Amino acid sequence: MFEIAIRKRLGGFTLNVELTAPENQIIVLFGPSGAGKSMTLAAIAGFVSPDAGRIVVGTQVLFDSDRQIDLPPQRRRIGLVKQDLALFPHLTVEQNITYGLFREPAEAQQERAQLLLRRVNLDGLALRYPAQLSGGQQQRVALARALAPKPELLLLDEPFSALDAPTRMQLRNELLNLQRQIRIPIMFVTHDLGEAYFLADRLAVIDQGKILQVDTPGEILRHPCCLGVARAIGVKNILSGEVVGRDQAGCRVRVGEVILDVLPGEFDIGAQVNVCLRPERVMLLRPERADRSSNENTLQGEIIHEMSDGMMATLFFRAAEARLSADATRDYDLQIELPVYIYERLDLAHQRRWAVSLRKNAIHLIGG
Amino acid sequence: MFKRKPGARTWFHHLSVGRLVFLGAVSVLLFFLVLPLVAVVWRAFPFRSEGWLNASTFDALRLSLFTATISAGIAIVIGTPVAYFLAREKFGGKAIVDTLIDLPMVLPPAVAGLALLMAFGRRGLLGPTLSAIGIELPFTTAAVVMAQTFVAAPFYVRAAKAGFISVDLGLEQMSALLGVSNLRTFVRVTLPLAAPALFGGALMTWARALGEFGATIMFAGNSQGRTQTMPLAIYLGLESNLDSALALSVILVVVSFGILAAVRLVSPKGFTLG
């Protein structure tokens, strides 16, 4: 069990974080640079003292402003892996790993180092120096070192972001395997949404020093609680609208010049809402098939720009008759993402006139 | 007639005006720096025993090695914690403390000597107090050490401070999180990583102390075997025993070279005052 509720003011920045994580879970703290992720970790590790609040790991109170408890880092029993790793460059791999075990007899140290080296797949590298290892190997040493003193909580601060993509994928998988063995809460900090989604049992979205939402990654992706979360998780289409109709079957929302059908929800007629639609959930239809009754919220239009990173294509769709966007400076209404192979199969390079269907279950409303 | 392949360039094709200016300047400077050194070594040989083997030469050598080592030792013992503190802590008036510590490096040594005399001399600020408890500092070997330490210690503090700053704070934090006390962290992480800078600084301090002249002669005087260090003996020897002065000079030239070589060896980037 891991519990944190702290406030910290530093200059014009205020950190206000509340989180709990059950044992044996990975909680991912996800947010943009400067959101307060690293400061949160620094507070948990004891490098900075919060102004007020409480930090509890297991049964141990690390910080409690009411009871004037503020344990030094030495007594917090926390393992940390940072992006820059902070391996001791003058010590070998084994000496790095046993660094925190100096109170134990030499044999016990060596045994533990051997066990951990096996666990992180570094057998045979005990006598190397950090500079003689690859980035991924250094990463594993840092992890083994953090685990050596048997911490009650493991903090991982963007540990994989300096690595190449294949190594990163592999280490993520290894971390999940490791997680099953060590059975302590892990707090993982990242600004990479894919990484957050992959690793998180619980996902906490942080921005400007505040936790905006905590939930399972799937739930956050489907139902972001607010605009900050929606933007952070890559909802490219956020359109302002107004609820104009409501009955058992659902609501009707006017967006620009269009009325959209949406699922029943909490909003009353007249409410201002933000209509969120993930770009990969916009369905392309051949223009002549748009009128079929099974299609929801269809719009005719054309693709006016596109971009691609080689795997995914982003299309900018402009509605022909009724515009969705009230923003006159924007020449498109919707961003659509699809894999490049589909882009090619549909011959999107030449075929520019399309209809789209905005399915009800793809539309999420946030109060405005 | 000579033929060359098209495109191949001979050495003078590389010469430009800028290069000529550069080469000229380097030549002048090297000539100016090297010629006196060559001259002093050339004049000291052939080996003349009355220069190398007389008592005053030996006394000066022994006294210099002794006092410079003590001075460097004092600089290390007191300077290391000061340097660490200055490297890690922020406090009001830090710039003033930094400047005060650096001051002796630019202060003329004669002024330093006079200042020491005014502070610790018989009629100095602390003179009567020291006399009362039976301590007479001026014109003793202790005074030599004080003069050398005053002038040379800042070299160590600056180098050590730069060395400590170069040790990532994140390493010390990591050590703390691994359960290791601050003192043990200092010994196991900070000190080993700063060691080349500390060693380089100590060598430079030792060399500076070895060459100290102005402050020593003002504060400690010039008595053979007690306060007459090598630079003082060289100065005196100019009138009485030129061979002895030359011999001591050659020793100091060799030692200086050795120190710079050693400093380069321990830190690839060489000595920095930063």
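The model scores ipTM 0.84 and pTM 0.80. For chain B the average pLDDT is 84, and 89% of the residues score at least 70. Among the elements of chain B, the highest mean pLDDT, 94, belongs to helix 8 (residues 169-177), whereas helix 2 (residues 49-52) has the lowest, 60. Over residues 270-274 of chain B, pLDDT stays under 50, and the model has nine contacts beyond four places in sequence for this stretch. Where pLDDT is low, the predicted coordinates should not be read in detail.

The largest nonpolar core has 106 residues, and the members that touch the most others are A:Val28, A:Ala144, A:Leu155, A:Ala204 and A:Val275. When neighbours within four places in sequence are left aside, the contacts of A:Leu155 are A:Leu41, A:Ile44, A:Ala45, A:Ile78, A:Gly79, A:Leu80 and A:Met187.

In chain B, helix 11 spans residues 230-240. Its buried residues are B:Met230, B:Pro231, B:Leu232, B:Ala233, B:Ile234 and B:Gly237. The elements covering these buried residues include four helices of chain B, namely helix 3 (55-88), helix 9 (182-210), helix 10 (214-219) and helix 12 (242-266).

Chain A contains an open sheet of five strands in the order 14-13-12-15-21, with antiparallel pairing. Strand 14 (258-262) and strand 21 (363-367) of chain A stand at the edges; each has a single partner strand, so one side of each lacks a neighbour in the sheet. On average, neighbouring strands of this sheet are turned by 40 degrees against each other, direction ignored. Five bridges join strand 14 of chain A to strand 13 (residues 250-255) of chain A in the antiparallel sense. A:Arg254 has A:Ile259, in strand 14 of chain A, as its bridge partner. In general, strands of a sheet pair through backbone hydrogen bonds, either parallel or antiparallel.

Two loop residues of chain A were examined for their backbone angles. Most residues other than glycine have a negative phi. A:Asn121, although not a glycine, has a positive phi of about 60 degrees. This residue lies in the loop between helix 3 (106-119) and helix 4 (135-147) of chain A. A:Asn121 counts as partly exposed because it has 14 C-beta neighbours inside 10 Å. A:Lys150 is likewise not a glycine and has a positive phi, of about 50 degrees. The loop that holds A:Lys150 runs between helix 4 and strand 8 (153-157) of chain A. With 12 C-beta neighbours inside 10 Å, A:Lys150 counts as exposed.

The contact between the chains takes 15 residues from chain A and 14 residues from chain B. On the side of chain B that touches chain A, helix 8 and helix 9 of chain B each supply at least two residues. Helix 8 of chain B gives the largest share of that side, six residues. By residue class, the side of chain B that touches chain A divides into nine nonpolar, four polar and one charged. Helix 8 of chain B, which supplies this largest share, is also the element of chain B with the highest mean pLDDT. Helix 9 of chain B, which supplies at least two residues to the contact, is also among the elements that cover the buried residues of helix 11 of chain B.

Methods
Residues are numbered from 1 along each chain as its sequence is written. Chains are lettered from A and ligands numbered from 1 in the order in which they are written. This is a predicted model: local features need pLDDT of at least 70, side-chain atom pairs count only at pLDDT 80 or more; totals for chains, interfaces and linings use all residues. A residue is buried if 20 or more other C-beta atoms lie within 10 Å of its own, exposed if 12 or fewer, and partly exposed in between; C-beta atoms are placed from the backbone. Two residues are in contact if their C-beta atoms, placed from the backbone, lie within 7 Å. A nonpolar core is a set of buried Ala, Val, Leu, Ile, Met, Phe, Trp, Tyr and Cys residues joined through C-beta atoms within 7 Å. pLDDT is the predictor's confidence in each residue, from 0 to 100. Two strands pair if DSSP finds at least two bridges between them. Axes are lines fitted to C-alpha atoms, for helices over the stretch in contact, and angles run from 0 to 180 degrees between N-to-C directions. Ala, Val, Leu, Ile, Met, Phe, Trp, Tyr, Cys and Pro count as nonpolar, Asp, Glu, Lys and Arg as charged, and the others, Gly among them, as polar.
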